[in-house]
Amino acid sequence: MNSNESVRMELFPGVLMSGEVLIVEDESAIADTIAYALESEGFRVKRCTLGGEALALLREGGIRFVILDVGLPDLSGFEVLRRLRTFSELPVLFLTARSEEVDRVVGLEIGADDYMAKPFSPRELAARVRSILRRTERGGAPAPPRFEVDEAARRIRFQGQALDLTRYEYQLLRLFLVHPERVWSRSELMERVWAGAEESADRTVDTHVKTLRAKLRALDPEADAIQTHRGLGYSLGKQS
Ligand code: CA
């Protein structure tokens, strides 16, 4: 298996060599063994110990893969992933220390690509990173994002252009983007987007979806980003 893997590395140098793997882990002995395993397979690695630090590095770019410990001193790995998903679809592999963490990774739609429970084999971890990258980056560099969310400014860019959104349209689209492909019922959307609002009716959701679609189509006539699921609700279409 090792000789096969090294041949593949030569066949796909771009996949394996470009960009860094970010290791977010506060236990230095564990981070050391992961870094060693990855570097000896030709990956470049970057390390940090805090979730906030990781998000800052991820916003800077140049990272292709994230290995994320769930138990970090500042933010939980789950929270780091939630924030990361508002601006990036980078592949993420969780490191979990407790079975209840495994349950959360497996049971919830938190958008991780894989997980490993401690203790794990660093070689097995490197193999997982390689196979996930091969799957997610086939065909070279990832396409630029269709949507970019600027949480601080409460603005969303679509295909590189800023959308002019009302408050509720922003919240609606942001919710879809944080949970890509999840189908939301009207009542779930009412609860999450219009919580505390005075005006509330089924038609409120439909009206906002309609204006949101029109705004997306104005920038890209082919856009069908928001899908209607008859009898169920709405979801963001598959991001390609
Ligand atoms: Ca930890």
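**Overall make-up**

I counted 10 helices and 10 strands in the chain; these are DSSP runs numbered from the N terminus, helices being H or I of at least four residues and strands E of at least two. The model is predicted, so I kept to pLDDT of at least 70 for local features and 80 or more for side-chain atom pairs, while totals for chains, interfaces and linings use all residues. Residues are numbered from 1 along each chain as its sequence is written, and side-chain values use heavy atoms, with hydrogens and water left out.

I looked up burial next: 45% of the 240 residues count as buried (under 20% relative accessible area; exposed is over 50%, partly exposed in between; 1.4 Å probe, protein chains only). Of the contacts (heavy atoms within 4.5 Å) with a separation of 6 or more, 57% are between residues 24 or more positions apart.

**Calcium site**

I listed the donors of the calcium ion as Asp26 (OD), Asp69 (OD) and Gly71 (O), at 2.2 to 2.4 Å. Donors are N, O and S atoms within 2.8 Å of the metal, or 3.2 Å for Na, K and Ca; water is not among the atoms, so the site may look incomplete. The donor spacing in sequence reads D-x42-D-x1-G. Asp26 sits in the loop between strand 1 (20-24) and helix 3 (28-39) and Asp69 in strand 3 (residues 63-69), so the pair ties together parts 43 residues apart in sequence. I noted that Asp26 is partly exposed at 31% relative accessibility, whereas Asp69 is buried at 2%.

**Helix 4 and helix 5**

I checked how helix 4 (residues 51-60) packs with helix 5 (residues 77-84): the angle is about 25 degrees and the axes are 10 Å apart. Axes are lines fitted to C-alpha atoms, for helices over the stretch in contact, and angles run from 0 to 180 degrees between N-to-C directions. The two helices are therefore roughly parallel (under 35 degrees; over 145 is roughly antiparallel, 65 to 115 roughly perpendicular, the rest oblique). Gly51, Leu55 and Leu58 of helix 4 meet Val80, Arg83 and Leu84 of helix 5.

**Asp114**

I placed Asp114 in strand 5 (residues 114-117). Beyond four places in sequence, its contacts are Val92, Leu93, Phe94, Arg128 and Ile132.

**Leu133**

I found Leu133 in helix 7 (residues 122-136), buried at 2% relative accessibility.
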